[in-house]
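Hello,

Here is the structure you will be working with. Have a look at it first, and then read on for what turned up in it.

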Amino acid sequence: MNSGRLTVENACKKYGRQEVLQDVSLSVFAGERVALLGHNGAGKTTLIKLILGLTGLTGGTIDVFGHPTGSDGARRTAAYLPETVNFHGMLTGREQLRFFARLAGESGKQVDGVLEKVGLASAADKRIGTYSKGMRQRIGLAQVLMRRPQLALLDEPTSGLDPISRRTFYDLVDELAQAGTAVFVSSHALTELEARTDRIHIMASGKLVAAGSLDALRKEAGLPTRITVKAVHEKADAVAAKLGGERVNCSSVQLTFGADEKLDRISAIAGLEKGLVEDVDLAPPSLEDLYRHFTAKGDGSDHIN
Ligand SMILES: Nc1ncnc2c1ncn2[C@@H]1O[C@H](COP(=O)(O)OP(=O)(O)OP(=O)(O)O)[C@@H](O)[C@H]1O
Ligand SMILES: [Mg+2]
């Protein structure tokens, strides 16, 4: 038991004969932003529901900031944004949030501020039935923010949001984490998560196949880094010969190498004589590359942890 974090230990879940989760262990500390990735049916929502006590474990334990999962204490500690948010269509956004505040035993005086934060101030008095998918998603997020929870469980929270709203969403996640909330986000949106989470967990077929910071996952995977060197007109062959790279078209040379060679390769490029190189683009393995690597490796039959 630990009052400063969420701890999942060897969580197992079966539905009938199907083992949906097998020996999943992880922690999320206060103030951390942790992502949960995995294919459709990998078990992400099931894990979140287990943490919330909405469904029971068939093995293992879950401790929510010092409270066993399913207890009143755990329920008070965690706020949840489900995959699909459903509200009463007749209520306005403001009414919904006031109602929610009353249920939580709060006065509701923060409702206007939260509506502003999620960008719904101007739609606050329209019925939720008239809201777009993204606007309903924002009401769900507003409910999480109003709780100022110790633990926020967000299940694919950006699925209905446009690109700018996604960015605003992650700004709000940062704010929550800075205020000390442990944020656990499941998502398929790899690119946006890359820069906005502290640690990443990857699941495949109910098993955790990788866990760590982006840097740690890069080290563990050992995937190559790529540098694309754009050569000055008609100098691509000369650049390829000097750097030992591969010419990919009439003007670019690609170098592919292990992460430990990065500095040597960069200094070799910097050391080239003037008039050969126009531009340089460095691409370390992306989260998508890592995701592919670890899910292919795990493919449901291996357990790496
Ligand atoms: N109530 C249930 N009864 C039986 N099987 C279930 C139930 N809920 C989930 N499952 C099964 O558990 C597995 C994991 O489902 P889960 O919803 O956790 O996946 P997910 O990772 O959230 O997927 P997605 O990315 O599509 O949301 C699936 O095979 C699903 O069919
Ligand atoms: Mg899901």
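Let's start with the ligand: Y15, V20, G38, N40, G41, A42, G43, K44, T45, T46 and E83 surround ligand 1. A residue belongs to such a shell if its C-beta atom, placed from the backbone, lies within 6 Å of the molecule. Three of the shell residues come from helix α1 (residues 44-52), the largest share. Helices (H or I, at least four residues) and strands (E, at least two) are DSSP runs, numbered from the N terminus. By type, the shell has three nonpolar, six polar and two charged residues. Here Ala, Val, Leu, Ile, Met, Phe, Trp, Tyr, Cys and Pro count as nonpolar, Asp, Glu, Lys and Arg as charged, and the others, Gly among them, as polar.

A word on what you are looking at: this is a predicted model, in which local features need pLDDT of at least 70 and side-chain atom pairs count only at pLDDT 80 or more, while totals for chains, interfaces and linings use all residues. Residues are numbered from 1 along each chain as its sequence is written, and chains are lettered from A and ligands numbered from 1 in the order in which they are written.

Now the overall picture. The chain holds eleven helices and 14 strands, and it is divided into domain 1 (5-219) and domain 2 (224-284); these bounds come from an automatic or database domain assignment. The C-alpha centres of the two domains are 43 Å apart. Of the 305 residues, 38% count as buried. Buried means that 20 or more other C-beta atoms lie within 10 Å of the residue's own, exposed means 12 or fewer, and partly exposed is in between, with C-beta atoms placed from the backbone.

Next, the cores. A nonpolar core is a set of buried Ala, Val, Leu, Ile, Met, Phe, Trp, Tyr and Cys residues joined through C-beta atoms within 7 Å. In the largest one, which has 68 residues, I51, A142, L153, V183 and F184 touch the most other members. Helix α5 (residues 133-147) gives the largest share of this core, six residues. Leaving out residues up to four places away in sequence, A142 touches L97, V114, L115, V118 and L120; such a contact needs C-beta atoms, placed from the backbone, within 7 Å. There is also a second, separate core of eight residues, with V229, A236, V253 and L255 among them.

Which residues of helix α9 (residues 236-243) are buried? They are A236, V239 and L243. Seen down the axis of α9, these fall within an arc of 65°, so they line one face of the helix. The arc is that of the directions from the helix axis to the C-beta atoms. D237 and A241 are exposed on the other side of α9. The buried residues pack against β11 (225-231), β12, β13, α10 (262-270) and β14 (277-283).

D23, in strand β2 (residues 18-29), has a positive phi near 50° although it is not a glycine. D23 counts as partly exposed because it has 16 C-beta neighbours inside 10 Å. S205, in the loop between β9 (199-204) and β10 (207-212), also has a positive phi, near 45°. S205 counts as buried because it has 20 C-beta neighbours inside 10 Å.

Enjoy exploring!

How values were computed: Two residues are in contact if their C-beta atoms, placed from the backbone, lie within 7 Å.
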